[in-house]
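Dear colleague,

Please find below the structure that I am handing over to you, together with its sequence. My notes on it follow.

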Amino acid sequence: SASLQTDQPVLSEEEMRQWNTYTDNSVTFRYPKKITLRKTNGRIVLTHSIKFNHLDPCDYSGDDNPPLRNLIDFKVSLEIINGDGHSEIPITEGKVKIGMLNGEFLCSCREGCGDYQYRFPIGENKTLIVKRDIISVFNGAAMRYGDDDRARKRPGIINPDMEERFFYSILSTFKIRKADQLKSN
């Protein structure tokens, strides 16, 4: 089975020092200040976007659709569920280790569109489900529009290398808060 590289491009402690910290009663992790965090129905969604008119390379319904006005250049969701996560992600392609997280991944991808899905057991019959959107403007299909080059030059853009580094760095700071830690707070 496949294995995602173990030498992930994680930022240094110094680079992450200024990051925001998210803490709730079960987990804590850090994330870049430029990324927006919102929580809905127990799912944490981390996003970043810039104003950028472009065609959606993953919209296969025809070229007469209006262009998108914003480019989402980072989108990751995290959710802790009860059970082993096999009903959420029934099949996987291989193993992955990021920081203290040890689990499996699946690329739910088609022609540079879709997402990566991760299943990390975190003890007490709980599983962390992570979904990381593939940023389609940087895939092969988008290149026919020239949008990828235009996007890379935009101020404030999170380019593909940085998107990857942010993703692995965020997960590398992920810690489970044990019940006994809560009592002492």
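The torsion about the S-S bond of Cys-58 and Cys-113 is about -95°, so this disulfide is left-handed. Cys-58 sits in the loop between strand 5 (43–54) and strand 6 (68–82), while Cys-113 belongs to strand 9 (residues 113–121), so the pair ties together parts that are 55 residues apart in sequence. Please bear in mind that the model is predicted. In it, the sulfur atoms of Cys-58 and Cys-113 are 1.9 Å apart. As a reminder, a disulfide is a covalent bond between the sulfur atoms of two cysteines.

The two partners can also be described by their accessibility. Cys-58 has a relative accessible area of 26% and is partly exposed. Cys-113, with a relative accessible area of 9%, is buried because the cut-off for that term is under 20%.

How many disulfides does a search of the whole structure find? It finds two. The other is formed by Cys-107 and Cys-109, with their sulfur atoms 1.4 Å apart. The torsion about its S-S bond is about -85°, so the disulfide of Cys-107 and Cys-109 is left-handed as well. Cys-109 is partly exposed, at 32% relative accessibility. When the bonded cysteines of the chain are numbered in sequence order, the pairing reads 1-4, 2-3.

Several residues of helix 4 are buried, including Phe-166, Phe-167, Ile-170 and Leu-171.

Finally, the nonpolar cores. The largest one has 30 residues, and those touching the most other members are Phe-29, Phe-74, Leu-78, Phe-120, Val-130 and Phe-167. Among the elements that give two or more residues to this core are strand 3 (27–31), strand 7 (94–98), strand 8 (101–110) and strand 10 (126–133). Helix 4 supplies the largest share, five residues. A second, separate core has eight residues, among them Phe-52, Leu-71, Ala-151 and Ile-157.

Phe-120 deserves a look in the viewer. Leaving aside its neighbours within four places in sequence, Phe-120 is in contact with residues that include Val-96, Ile-98, Leu-101, Val-130 and Leu-171.

Yours sincerely

How values were computed:
Residues are numbered from 1 along each chain as its sequence is written. This is a predicted model: local features need pLDDT of at least 70, side-chain atom pairs count only at pLDDT 80 or more; totals for chains, interfaces and linings use all residues. Side-chain values use heavy atoms; hydrogens and water are left out. A disulfide is a pair of cysteine sulfur atoms within 2.5 Å. Helices (H or I, at least four residues) and strands (E, at least two) are DSSP runs, numbered from the N terminus. Buried means under 20% relative accessible area, exposed over 50%, partly exposed in between (1.4 Å probe, protein chains only). A nonpolar core is a set of buried Ala, Val, Leu, Ile, Met, Phe, Trp, Tyr and Cys residues joined through side-chain atoms within 4.5 Å. Contact means heavy atoms within 4.5 Å.
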